[in-house]
Amino acid sequence: PIKGIEETNSRKKTINQRQPNNQAFIFIMTQDPISNNKSSNMTGRYLNPHRHNKERSKSFDHQNLLRNRSQSIDKASLWKGALVKELDNNVVVQMVGMDSPNHTVYARVDPNCAATAECLKSVPLGKVIEVMVDEGWRHAVKDILEKGVHVENETYPSANELLKLGSVWLVNETGYCTDHNAKARRLSESDEMDTPDWKDMTLRVHYVPERFFVAYEIDWSKYCKGLLLDGCTSAYIGGVKQHVPMTGLPDKKDGALVYENDEIGFALLNKPGGMPTNSTKTNHAEDVASMYGAALKERHGDKSTKHISIPLRAETEMNGLLLVSTKREFCSYMHEQLDAARGNDLVAENCGVDKTYKCLVCIKHPSDIDRIEKLMNRDLTHWVNVKSACPKTFTRTKPTNPKLGDWQKCVMRITSIG
């Protein structure tokens with residue numbers, strides 16, 4: 001009934017409406033009940049500024065090769081057409097993927113270059129990243145001069161910043177060539193001077209990582225201003241209003257804390273919109289779990305909890321209360337409760353876990369209001385193929401052929417129109 005719906009799972013939906021400025025509108029929730037409507041197909045769109053519609057790069061595409069291959073590949077084929085940069089002592093750095101649409105570069109020291117074995121062993125991975133970043137800026141300058149592209153300074157972080165963000169991975173070439181599920185290791189700032197065995201190791205660098213600057217607008221060690229009243233928080237535990245220590249009162253920045261319980265092992269945070277709950281492939285620093293974990297470490301030092309997880313995740317654009325687990329036992333307990341809830345069409349009465357989302361939707365044409373009002377307080381059911389690529393595919397009735405995808409039921413209810 002409303003154009004632009006995208007469901008992300010059986011209990012959450014996102015409503016995005018494309019405006020002239022390409023901004024996306026917001027989110028919606030729901031539970032599961034029942035309804036049958038005539039079959040029709042719908043698609044939704046998830047607006048992501050980091051998805052590019054550029055032409056596919058002519059350089060070697062590692063990810064596409066691995067996705068489509070059915071057998072192992074030769075290592076040498078990975079570096080066909082590689083960009084080459086020569087350093088001191090005959091050391092040569094190879095790079096492929098500089099023009100890739102997802103800004104992912106594979107880089108290594110050429111093990112077959114004229115440098116001595118001692119020189120090859122002495123090249124730190126931080127140096128290879130620096131060479132790649134410099135080349136990335138050359139490409140950026142070319143786009144600026146030839147295409148008039150506008151580039152922000154933060155778009156291309158330095159080598160050290162990429163390591164801080166967790167945008168660099170170390171890949172074993174042998175495993176990469178023989179198994180498309182081979183694991184890669186995310187590198188950090190402490191790895192900058194490491195010297196891997198370049199005969200079999202390669203760097204995967206996401207040199208234009210996703211950024212979530214809103215993460216720095218919040219003080220993750222202070223309490224939320226909007227929930228404070230006379231030194232208290234509006235959180236009630238066991239019927240008792242919780243008090244906030246003086247050290248937790250916010251100063252220049254608003255705080256994220258709503259409630260903390262170190263004994264049981266959980267915290268309630270006021271998540272801002274515009275940042276993910278967990279790390280992404282290209283950014284391991286500017287998410288809720290990482291920012292809150294860093295705040296705990298700064299507050300408690302080495303005694304800080306080693307476990308940070310988010311049992312109930314929220315979409316990147318969503319803001320509101322978010323439950324964070326600081327103990328594995330509490331995380332296991334929450335998953336048991338959620339599994340009990342998912343086992344029924346409606347949330348089990350004795351489960352004690354319920355989720356409510358508010359959604360703001362822009363109705364572009366006033367003439368649609370009358371039509372939408374007729375749908376109020378009705379359960380509007382449809383099915384989403386959760387394994388389909390964005391924009392997701394929806395149908396009003398569940399396909400009978402299981403090979404067509406993994407279909408989950410979603411139910412939406414319009415509660416009010418302002």
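Thr 381 stands opposite Val 411 in β20. The model is predicted. Strand β18 (residues 380-385) and β20 run antiparallel, joined by six bridges.

**Strand β20**
- β20 covers residues 407-412.
- Five of its six residues are buried, so the strand is largely enclosed by the rest of the structure.

**Helix α3**
- α3 runs over residues 125-147, which is 23 residues.
- At 1.5 Å a residue it should span 33 Å, and its end C-alpha atoms are 32 Å apart, which agrees.
- Its buried residues include Leu 125, Val 128, Ile 129, Met 132 and Glu 135.
- Residues three or four places apart in an α-helix point the same way, because there are 3.6 residues a turn.
- Among the elements covering the buried residues of α3 are β5 (83-86), β6 (92-96), β7 (104-109) and α4 (159-165). β8 (168-172) and β10 (201-206) are also included.
- Gly 148 follows α3, with a positive phi near 70°.

**Nonpolar cores**
- The largest core has 33 residues. Met 95, Val 128, Ile 129, Met 132, Val 168, Leu 203 and Tyr 207 have the most contacts inside it.
- Two or more residues of this core come from each of β6, β7, α2 (117-121), α3, α4, β8 and β10.
- Leaving out residues up to four places away in sequence, Leu 203 touches residues including Val 105, Leu 125, Val 128, Ile 129, Val 168 and Trp 198.
- A second, separate core has 23 residues, including Ile 218, Val 244, Leu 296 and Val 324.

Notes: Residues numbered from 1 in each chain as written. Predicted model: local features only at pLDDT ≥ 70, side-chain atom pairs only at ≥ 80, totals over all residues. Heavy atoms only, no water. Buried < 20%, exposed > 50% of the residue type's maximum accessible area, 1.4 Å probe, protein only. Helix = DSSP H or I, 4+ residues; strand = E, 2+ residues; numbered from the N terminus. Pairing = 2+ DSSP bridges. Expected span 1.5 Å × (residues − 1). Contact = heavy atoms within 4.5 Å. Core = buried A, V, L, I, M, F, W, Y, C linked by side-chain atoms within 4.5 Å.
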